[in-house]
Amino acid sequence: MNLLQNTLNDIKEINRDVMKEAQVVVDGLLKPVGSLGTLEDIAIQLSGIYGTNSLKPLKKAVVVCAGDHGIIEEGVTSAPQIVTTLMTNFIAEGKSGVGVISKTMGADVIVVDVGVNADIDNPKVLDKKIKRGTDNLAKGPAMSREEAIASLEVGIEVATNLIEQGYNILATGEMGIGNTTPSSAIIAAFTGINPKDLTGVGANLSEEGMIKKVKVIKSGLEVNKPDKNDAIDVLSKVGGLEIGAMAGVMLAGAAKKVPVLVDGFISTAAAAIAIHLEPKVFDYLICSHISAEKGAEIAASSLGFKPYLNMGLRLGEGSGAALTFTIIDSAIAMVNEMGTYAQAGISVV
């Protein structure tokens, strides 16, 4: 708990004064003011996060957190739980979607076992296992409050170590069969929105399975009564270990003044936990894309996110966040390499 509390205490507002200076710099680049749209917004946000207008090249990492879910007992998934173990290894070996995309983007992938329901004998997977999967949230809390805090602190620890190694931007990804169910439950708990409006197909669930999934989420909310004013209570009662770890990565990024890219629906649920723990975290997050998962747009909107990409993605793993690295690179190159009106000796247009 000390690590979590100390991290929360270290989170400060982004530097608004530097952002004002960044706006002047961006407006002075050799282009019509505002004509590079979102790239300009990103450059200004980065300046506020880093506290400088001298933006450096990125050393990138995608932190993929893996965990299993007791909720699969209720038949809410089309894939068996063993897929979590198999895919955790494939991701670590660079053979998954996020691995291929990250390699293309020049990003490293760090895989963390927070709660996989199996022993993973792979030196490329960080063993931070808290327990072998959550409990069935339809029947009671997914985990204890202490386990929820531990999952947050795993993410904080992993992210802090990466930042100390020189990584200056992180992205969050996940692997966990069944994890769209707790994600829907988390967003429903915070917003009061009907789970039916938040619940999607996940890994290609049937229509019959969808009906069951909605009932299970409603049951979990009724049984557990998560307190929307207590993010740890929400996480422990209807969340997931990998979701908590991703939230921890976001908290550590904010505390260390490093931007964190949010991936799709599950990563957005983790962002909801982080932001409800400390609202200042919001300004350190970059929402990479809008997932094709049904509740993604509602979840993003509820937090005030404006996702940058809309490509029909719903793989998870951090794949959409990894794709967005190229946009961040372009925003930095814009600031560092474009000519200016001053250099051209003409007035700003």
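## Two domains

Domain bounds here come from an automatic or database domain assignment. On that basis, this predicted model is divided into domain 1 (3–55 + 333–344) and domain 2 (60–327). The lining of the second largest pocket takes at least three residues from each of domain 1 and domain 2.

How far apart are the centres of the two domains? Taken over C-alpha atoms, 28 Å separate the centres of domain 1 and domain 2. Across the boundary, 17 residues of domain 1 are in contact with 25 residues of domain 2.

## The second largest pocket

Let's look at the pocket itself. The second largest pocket holds about 360 Å³ of space, and 15 residues line it. Nearest its centre lie Q45, F282, G304, K306 and Y308.

Which secondary structure elements supply at least two residues each to this lining? They are α2 (16–27), α3 (37–50) and β6 (285–287). Sorted by class, the lining has eight nonpolar, four charged and three polar residues.

## The annotated residue E317

Now for a residue with a record attached: an unreviewed UniProt entry places the feature "active site" at E317.

Is E317 buried or exposed? With a relative accessible area of 4%, E317 counts as buried, because buried means under 20%. Leaving aside neighbours within four places in sequence, the contacts of E317 include V62, V64, M87, I91 and V98. Also in contact with E317 are S96, G97, G173, E174 and D263.

How values were computed
Residues are numbered from 1 along each chain as its sequence is written. This is a predicted model: local features need pLDDT of at least 70, side-chain atom pairs count only at pLDDT 80 or more; totals for chains, interfaces and linings use all residues. Side-chain values use heavy atoms; hydrogens and water are left out. On a 1 Å grid over the protein atoms alone, a cavity is a set of points where a 1.4 Å probe fits but cannot get out, and a pocket is an open set with protein on both sides within 12 Å along at least five of seven lines; lining residues have an atom within 4 Å of a point. Grid points are joined across faces, edges and corners, and a volume is the space filled by probe spheres set on the points. Helices (H or I, at least four residues) and strands (E, at least two) are DSSP runs, numbered from the N terminus. Ala, Val, Leu, Ile, Met, Phe, Trp, Tyr, Cys and Pro count as nonpolar, Asp, Glu, Lys and Arg as charged, and the others, Gly among them, as polar. UniProt positions are given in the numbering used here, feature names are shortened, and annotations may be inferred rather than shown by experiment. Buried means under 20% relative accessible area, exposed over 50%, partly exposed in between (1.4 Å probe, protein chains only). Contact means heavy atoms within 4.5 Å.
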